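The following note sets out numbered remarks on the model shown below.

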Amino acid sequence: MDKLGVITSFIHNILVFNIPLLYGTVGEIIVEKSGSLNLGVEGTMAVGAIFGYIVGCFTNNLLVGILVAFLASALCGLLFAALTVSLQANQNITGLTMSIFGVGVYFFLGRTLRAADAWPMMNDYENIKNGFADIPIPGLSEIPVVGHGFFNHNILIYLGIAIAIAAWWYLKHSKPGLRLRAVGENPGAADSVGINVKRMKYLHICLGCGIMGIGGYYMGLNMTGSFNSECWINGYGWIAVALVIFANWNPALAIVGTFVFGFFNTLRVSGSSLAAAFPEVLGWLAHIPTQLYQALPFIITAVVLVISSIRNKRGGSGLPAALGANYFREER
Amino acid sequence: MAESYAIEMRGITKRFGSIVANNNVNLNVKPGEILALLGENGSGKTTLMNMLSGIYKPDDGEIFVNGQPVSIDSPEDAKRLGIGMVHQHFKLVDVFSAADNIWMGKEKAGFVLRKNRYDDIEQIANQFGFELDPKKKVYNMAVSEKQTLEIVKVLYYGAKILILDEPTAVLTAQEIRKLFDVLRTMKEAGHAIIIITHKLNEVLEISDRVAILRKGEYITTVDTASTNEQALTEWMVGRKVDLNIDRPQVETTRPLLEVRDLTIENDEGAVAIDNVNFYIRGGEILGVAGIAGCGQKELCEAIAGLRPIKSGQMIHKGDNIVGLTPKAILEKGISMSFIPEDRLGMGLAPSMSITENMLLKNYREVKGPFVDRKSGRAAAEQVIKDLEVVTPSTETPVRRLSGGNVQKVLLGREIKAGPNVIITAYPVRGLDINSSYMIYNILNTQKKNGVGVLFVGEDLDVMLSLCDKILVLCHGKLMGVVHAHKTTKEELGLMMTGALDLSEKYENKPAGVAKDTLFTDAKGGETDGTSDHEA
C-alpha cells in the first residue's frame, strides 16, 4: 500500500470503527438534557443491536433493521423512564441495571438462535449487505487523500452525523429544545410555567435511547453479524457516557469528541500499518503495547474530565443542573 | 355574592401524612384588591397558595375562580385560569436569559426559536412598566431583578390573579417601595393580588384586607383600615406579644475580636471590604448595617476562616487568627451562622436530620470511629425544646422544616457549642414576629453571658433597638461606628449610601479602634483613658 493510502484508510477507519460512539453520545446527550442520567447506554445499544440485526436480516431490509433497532432501544428507554420518572427509582442504579439487563437480552437471544441453528449470517442477505456498502459522495469523495476517508461511507455513518447536527439544532434553536433544557436545568421552574415535565422526560429518554440503538445495530453490521463470546458493543456504551462530558452536552462537539477518541482507538488497530508506512517518523508506534492503546480512551476521558471541571464556570458548562435528580412536584 | 370574587377558597383542607397543613380554610380576594396573607412560619400560608398554583391538590374543599368551581391539577391549569405565583424560591432556569425563561412557557410560540423573542419580551416588560434586559442570564441577576423577571413572567402569561410569597424578604427598602408601587398599579388595572409577608408594617401599608392563619387554621379576615399591628400580632400568635425589643445593659469586657485595616476581595477579585477597623467586646451586640452586598458576606467568611484576606490583621483575645483553619477558629470560640438570601444554602445539610446536623459540629468530641447518635439526639432535643422548633421529630430532614425552624436549628447548634464570639448574618431573614423575637432573645441571652455578637442585619429599626453599637459599611468602606441609642435611622441611611462619613469624626480616635486594644502596636489608644466608649 502506498504511504498516502495508509493515511486515507486510517481516516476512513476512524469513522468506520467509531461512529457508534457518536450515536451513543448523541442519544445520551438528549437523555441527559432532560435531567435523567442513564448509565444503561451499553445495554440499550446491545438490545437495539440484536433486535435490529435479527429482524433486519429476516426481513432482508436495512431500513426495517434501523427502525427495529430504534424501537427496541426506545423500549429500553421507556422502561428506564417508567422506573425513574414515574416510580422515582434511583437513576444510577436503574441505569446500571439496564446495562446488565440489555447485555443479558443480547446473549439470550443470540445464543438461543445459535443453538437452534437459526442465526442469520449477514452475507446471506443481499439487501442488508448492499445497503451497508459505502456510498461515495460525488465530487467530494474524489479529493485526494481525505476524499475517501471522509466522504465515502455507508449510509449509517452519514445518518449518524446528520442526527448529531439535527440534535444540536434541536437543542439550541428549537422551542421544544428550549423546554427540554428547562426540564433538565430546573424541573420545578419548567413545571411552574406549564411544561409537562413527565411527558418531556419520557419522550426524550425514549428518543435518545432509540438513537443509541441505531449505533448498536451499526456495530453488529460492521462485524458482519459474527456472533461470539464478546458483545458487539464491547464497552462503547461506557465510553459514550464519558464522551457526553467531553462534548460538554453539545451534540456538535460530540462529532469532534468521536473523532478524537476514534483517532486513538484507531491507532490501536492501524498503528502498526502507520509504523510500517512511515518507519522514520512513526516507527515507535509499533513498540507501544496494545494494552496502552486500549487504555488510551479512558486516560483521555480522565484528562478531559479534569479540564472540563476547571473550565466549568457557571454558564460555561452544558451540564444540566438537575441531572440525576428525580422530580416530584410535591417534594418540599 | 360569589361572582364578585376573583378567587374564593372554601373549606380547604390539606394533609401531609398525619400533619394537617391547612384545616378548613376560607379565603377570598376581589379583582382590584390586595389581600395580605399573614401567619407565622409553618402556619400553612405557602401550602395554601400552592393549591392555587397547582403544586398541591386540596384533600377537601372547593376553589372558585370568578365564581366558577374549578379543579387545579397542575401549574398548567393554574396558568390557564390566570393564576400566577411568584414563589419564595424563584422558579427560574439559571443558565437561561430572561427572555428564554418566559419564552419556555409560552404557548403556540412555533417550533423555531427566533431572535425577535428578545424584542417581544422587552416590549411587554416595558408595557407593564418594568425594566428588563431580555438577554441577561439569570445567574448574573441580582435578587430584585429575578423577582422582576418572575412578575413579568406571570403577567406575560396573562395572570389576572397574582400571588407573591414573601416577596419583600430579600429586598432592600428602596426595592420594596418600588415593588409596592408596581403592586398598586396592577391593583388599579384590576388584578387581584395575594401577598404573603411577615412584616406587619408592610401589611398595613399595602393591603386592603388581611387574612390570618395560625397553625394551619383559618382565624379571620379583617379590613386593613380597621386594624393595627398589635391586633394582627395577637390573631397571628394567639396571645399578647410584647413588640419591644430588649437591650439589656451588660458589663462589657476587653475586646474579644479586633480587626485592623482589613481588606478582602470578593469572588470576582474586586475589593469587598476596604481597610476596615472594628472590635467586639464581650457583652455587646455590634450591628453591621449596609446596603445588601456591600461586603457583609465576605466579612463573615473572612472571620470564620472560609475566605483568605488580602491584608490586615484579626486578633482574638490578643491572638492572631489570620490564616487559621476554620476548625482552629471554631475551637477558639468564634462561631458563624450566615443565612443567605435563599435561606437554605449555608451551614446545614438539608437532607440530613436535625440530629445529624448537630453531629456535624461535634462529632470530633467523641473518640473512636463510631458516631455517637445519642449525644446528637440529646442536643437536637435540647435545641428543639429551648428554641421551640416545630418539627415532627429529631430525625426529620432539615429541608422538610419551614424556613424559621431551619434558622432556629442553625443558630441553636452554633450556640450549643458555647462560643464567645457569635457572627450572625441575617438570622431573622424571612422569619415571623414570634420567631424573630425568639432569636433576639437568644442573642440577648448570649450577650448577658458575656458573648460578643456581630449582628449583620437588614432592618434598621430592629438594629437600632437590639444592637449596642452599629458599624456602617458603604461599598466595603467603614463609614463609622455609632451608638445605637444616640443615632437615628436617617443618619444610618445617610451613612449607608456614603453621604455621611463619620469614620474620621474624632481626630484622636479612629472609628473601630478600641482604646484598650490588645494589639501590641496600639495606635490611637490610651490618650485619655477615661472611657472605652467613643463619643
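1. Helix H2 of chain A, residues 41-59, comprises 19 residues in this predicted model. From its first C-alpha to its last, H2 of chain A reaches 26 Å, close to the 27 Å expected at 1.5 Å a residue. Because 16 of its 19 residues are buried, H2(A) is largely enclosed by the rest of the structure. Just after H2(A), A:Asn60 adopts a positive phi of about 55 degrees.

2. Chain A as a whole contains 14 helices and two strands. Its radius of gyration is 20 Å, close to the 20 Å given by the globule rule for 332 residues, so chain A is as compact as a globular protein of that length. Taken along the principal axes, the C-alpha atoms of chain A fill a box of roughly 65 × 50 × 40 Å.

3. Burial and contact order may be considered together. In chain A, 48% of the 332 residues count as buried. Of the contacts in chain A between residues at least 6 apart in sequence, 78% join residues at least 24 apart.

4. As a general point, nonpolar side chains in soluble globular proteins tend to be buried together. Here the largest nonpolar core has 158 residues, and A:Val26, A:Ala49 and A:Leu243 touch the most other members. Helix H10 of chain A, residues 197-222, provides the largest share of this core, with 13 residues. A second, separate core has 81 residues, including B:Met336, B:Leu411, B:Ile439 and B:Cys474.

5. Which residues does A:Leu243 touch, leaving aside those up to four places away in sequence? They are A:Leu21, A:Thr25, A:Ala254, A:Gly257, A:Thr258 and A:Phe261.

6. The contact between the chains involves 22 residues of chain A and 22 residues of chain B. On the side of chain A that touches chain B, helix H8 (175-185) and helix H9 (187-192) of chain A each supply at least two residues. By class, that side of chain A has seven nonpolar, seven polar and eight charged residues.

7. Chain B is divided into three parts: domain 1 (2-237), domain 2 (253-333 + 420-535) and domain 3 (347-418). The centres of domain 1 and domain 3 of chain B, taken over C-alpha atoms, are separated by 33 Å.

Note on methods. Residues numbered from 1 in each chain as written. Chains lettered and ligands numbered in written order. Predicted model: local features only at pLDDT ≥ 70, side-chain atom pairs only at ≥ 80, totals over all residues. Domains from an automatic or database assignment. Helix = DSSP H or I, 4+ residues; strand = E, 2+ residues; numbered from the N terminus. Expected span 1.5 Å × (residues − 1). Buried ≥ 20, exposed ≤ 12 C-beta atoms within 10 Å, placed from the backbone. Rg over C-alpha atoms; globule rule 2.2 N^0.38 Å. Contact = placed C-beta atoms within 7 Å. Nonpolar A, V, L, I, M, F, W, Y, C, P; charged D, E, K, R; others polar. Core = buried A, V, L, I, M, F, W, Y, C linked by C-beta atoms within 7 Å.
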